[in-house]
Amino acid sequence: MKSTWRWTSGIGVGLLTQPALAEYGYNLQQPASRVAHDVFQLHNLIMLVCAGIFVVVFGAMFYALIKHRKSVGHPAAHFHENTTVEIIWTVIPFVILMGMAYPAAKVVIDMKDTSNPDLTIKATGYQWKWGYDYLNEDISFYSTLATPRAQITGAAPKGENYLLEVDEPVVVPVGKRVRMLITANDVLHAWWVPALGAKQDAIPGFIRDIWFKADSVGTYRGQCVELCGKDHAFMPIVVEVVSEADYQAWVAGKKGAARRAAADDTRAFSVAELVERGQKVYESNCAACHQADGKGLAGSFPAISGSKVATGPVAAHIALVLNGKPGTAMAAFGQQLSDADIAAVVTYQRNAWDNKTGDLVQPADIASARGGAKVVAAPAAQ
């Protein structure tokens, strides 16, 4: 197996060192877990077997075409069934298939064995982001694309990790067996980090699982690999593998941030604070559909600037953000965003662009709306 890997890798290195091909890769990512290593080796083995079959079959075919052609005086043969030949061309493919099936089955069975995890994380796919719940640590957060819109629209040069960077990576300790529970909130998604050998479809209403154990500290990147709508290409996955000490420090930091977020839900903000915070929330959660200028996309996503929602009754605006709109791409953000974040983004939308309503929505108003109480926005302080 090791010689197979070296032989195939040598060919890949030779191709990649050609000047015209320097930006292209012809193999899988460097494996960073045992499962990914097994997948890598299996891939190389099967490719060699297929290449061997190709050479033998097409070699025999072209030899027969060239050496037995009519132009060199070779007479056509007339024959019917041949039991020996039929047995040979049945037995040999069967043996080859069984020879490939055995190592493939071992790898697949190992990939599906999610028993005895050290850490369990639930990943939920949304249009278009990932939500993570650390079931052992009582930590939850959402991970969204961090690539600036200017790079996506071509207004700025592409960064090193273009479309493969997020605001909140998944953080796990090195050498620990991590079980991932994969599901989706709306449509089909798929969670895939190739260097870790982890890939699983995310299906609404179902929970499926995979596992990985990273061999070394580092950053490993993946993507959603199921066509899930307009921004399918914009929901990457980043896994940060750190030492046990750094992981515990991260856990403590996340729990502290959760306590501060809970405190934010009980305080009152100034309009400037809400607008500043609301713009960040909007850019992370709303701009993909409604655009940074609030103009939307004609025929697909309605404009917010000058809309009846953002300039009409504030209670209806809050209800739409909290509960979404069934049958449309408008998701319900009530479970995704805190009271403070929803208050901020609603205040921002009602005071940005052409809206200028002067309304101020506080986290307490969102809490009331969740409980069904009537909400009346206060005028923003001038």
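Which residues of helix 3 are buried? In this predicted model, local features need pLDDT of at least 70 and side-chain atom pairs count only at pLDDT 80 or more, while totals for chains, interfaces and linings use all residues. Residues are numbered from 1 along each chain as its sequence is written, and side-chain values use heavy atoms, with hydrogens and water left out.

The buried residues of helix 3 are Met100, Pro103, Val107 and Asp110, where buried means under 20% relative accessible area with a 1.4 Å probe, protein chains only. Helices are DSSP runs of H or I with at least four residues, and strands are runs of E with at least two, numbered from the N terminus. The cover over these buried residues includes helix 2 (34–67) and strand 8 (208–212). Helix 3 itself, residues 83–112, has 30 residues and reaches 42 Å from its first C-alpha to its last, close to the 44 Å expected at 1.5 Å a residue; the expected span is 1.5 Å times one less than the number of residues.

The axes of helix 10 (residues 339–351) and helix 11 (residues 363–370) come within 8 Å and cross at roughly 110 degrees. Axes are lines fitted to C-alpha atoms over the stretch in contact, with angles running from 0 to 180 degrees between N-to-C directions. Helix 6 (residues 271–285) also packs with helix 10, at an angle of about 95 degrees with their axes 7 Å apart. Helix 6 is therefore roughly perpendicular to helix 10.

How values were computed. Buried means under 20% relative accessible area, exposed over 50%, partly exposed in between (1.4 Å probe, protein chains only). Contact means heavy atoms within 4.5 Å. Angles under 35 degrees count as roughly parallel, over 145 as roughly antiparallel, 65 to 115 as roughly perpendicular and the rest as oblique.
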